[in-house]
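Subject: Structure for you to look at

Hello,

Here is the structure I said I would pass on. My notes on it follow below.

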Amino acid sequence: VHGCYSSGESDTANKVKELFEDEFAVLCPTLTKNPQENIKLLRKLVLDCVLSGREPVLVGSSWGGLFALIVARLYSTRCVLIYPSLVPTENLKKYPGALDDGETYKAYWKLQRSVWGDAQYYKHIPMCFLLGLEDSVVNPEENGLLYCNKAGHRVVYLNEGHRLSSESSFLALRNEVLNLANTVTQ
């Protein structure tokens with residue numbers, strides 16, 4: 001699930017598709033500006049996957065990490081979050097027009113409050129956070145590490161900024177997805 005002002009056809013999405021093409025069917029939807037539409041779209045994809053007998057592993061980057069986390073919590077679906085934007089009311093201020101609409105701001109505020117208000121109740125979901133040590137878009141401590149400390153999820157630090165760019169970071173993503181895919185859920 002891509003980040004803000006990106007798409008399911010971005011270079012990163014295509015690299016992820018290549019990375020897993022031998023093991024998984026990789027779906028990279030393109031999200032809209034509407035948070036509720038994005039959740040609805042991802043819920044449908046997860047349900048379609050489950051109904052076809054496959055167990056999904058959600059991978060969400062930055063803004064898309066927020067939506068991946070919300071849907072993972074709804075369905076107890078494994079997920080890997082890459083530099084997740086879990087404080088969108090702050091993080092999206094860096095993107096012109098992302099929060100101009102008062103209704104959109106309120107929607108993100110509600111999602112943010114929900115994510116942080118009950119994190120401790122989702123410890124049972126196999127989840128990993130990849131956090132960039134040099135991330136200048138989302139603060140890794142405020143967005144990922146703090147959440148992981150509340151919910152007990154795995155954290156992997158990468159020596160990067162806000163984008164997966166090095167081969168070693170893509171390999172770290174691959175390892176975490178494969179580990180979660182092999183995790184037995186209850």
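Buried here means under 20% relative accessible area, exposed means over 50%, and partly exposed is in between, with a 1.4 Å probe and protein chains only. The model is a predicted one, so to read the notes: local features need pLDDT of at least 70, side-chain atom pairs count only at pLDDT 80 or more, and totals for chains, interfaces and linings use all residues. Residues are numbered from 1 along each chain as its sequence is written, and side-chain values use heavy atoms, with hydrogens and water left out.

Cysteines

A disulfide is counted when a pair of cysteine sulfur atoms lies within 2.5 Å. The structure has 0 of them. For cysteine 4, which is in no disulfide, the nearest cysteine sulfur belongs to cysteine 28 and is 17 Å away. Cysteine 4 is buried, at a relative accessible area of 16%. Cysteine 28 is in no disulfide either; the nearest cysteine sulfur to it, that of cysteine 49, is 13 Å away. With 21% relative accessibility, cysteine 28 counts as partly exposed.

The sheet

Helices (H or I, at least four residues) and strands (E, at least two) are DSSP runs, numbered from the N terminus. Two strands are taken to pair if DSSP finds at least two bridges between them. There is an open sheet of 4 strands in the order E1-E2-E3-E4, and its pairing is parallel. Strand E1 (57–61) and E4 are at the edges with a single partner strand each, so one side of each has no neighbour in the sheet. From one strand to the next, the twist averages 15 degrees. Axes are lines fitted to C-alpha atoms, for helices over the stretch in contact, and angles run from 0 to 180 degrees between N-to-C directions.

E2 and E3 pair in the parallel sense over 4 bridges. Cysteine 79 has methionine 127 in E3 as its bridge partner, and leucine 81 has phenylalanine 129 in E3. H3 packs on the sheet and touches E1, E2 and E3, and its direction makes about 150 degrees with that of E1. Contact means heavy atoms within 4.5 Å.

On its other pairing, E3 joins strand E4 (residues 154–158) in the parallel sense over 5 bridges. There, glycine 132 stands opposite leucine 158 in E4. E3, H6 and E4 form a right-handed β-α-β unit. A crossover is called right-handed if, with the strands pointing away from the viewer, the path from the first strand over the helix to the second runs clockwise.

How much of E3 is buried? Of its 6 residues, 6 are. In a regular strand the side chains alternate between the two faces of the sheet. In E3 both faces are covered: Met127, Phe129 and Leu131 are buried on one side, and Cys128, Leu130 and Gly132 on the other.

Cores

A nonpolar core is a set of buried Ala, Val, Leu, Ile, Met, Phe, Trp, Tyr and Cys residues joined through side-chain atoms within 4.5 Å. The largest has 35 residues, of which Phe67, Tyr108, Phe129 and Tyr147 touch the most other members. Helix H2 (35–51), helix H3 (63–75), strand E2 (78–82), helix H5 (102–117), strand E3 (127–132) and helix H6 (140–151) each give two or more residues to this core. H3 supplies the largest share of this core, 8 residues. Leaving aside residues up to four places away in sequence, phenylalanine 67 touches Leu31, Pro35, Asn38, Ile39, Leu42, Tyr108 and Leu111. A second, separate core of 19 residues includes Phe20, Cys128, Leu158 and Ala172.

Single residues

Glutamate 176 is in helix H7 (residues 167–181). This glutamate 176 is buried, with a relative accessible area of 6%. Not counting residues up to four places away in sequence, glutamate 176 touches Val80, Cys128, Leu130, Arg154 and Val156.

Most residues other than glycine have a negative phi. Serine 76 has a positive phi, near 50 degrees; serine 76 is in the loop between H3 and E2 and is partly exposed, at 37% relative accessible area. Tyrosine 83 also has a positive phi, near 45 degrees. Tyrosine 83 lies in the loop between E2 and helix H4 (88–91) and is buried, with a relative accessible area of 1%.

Regards
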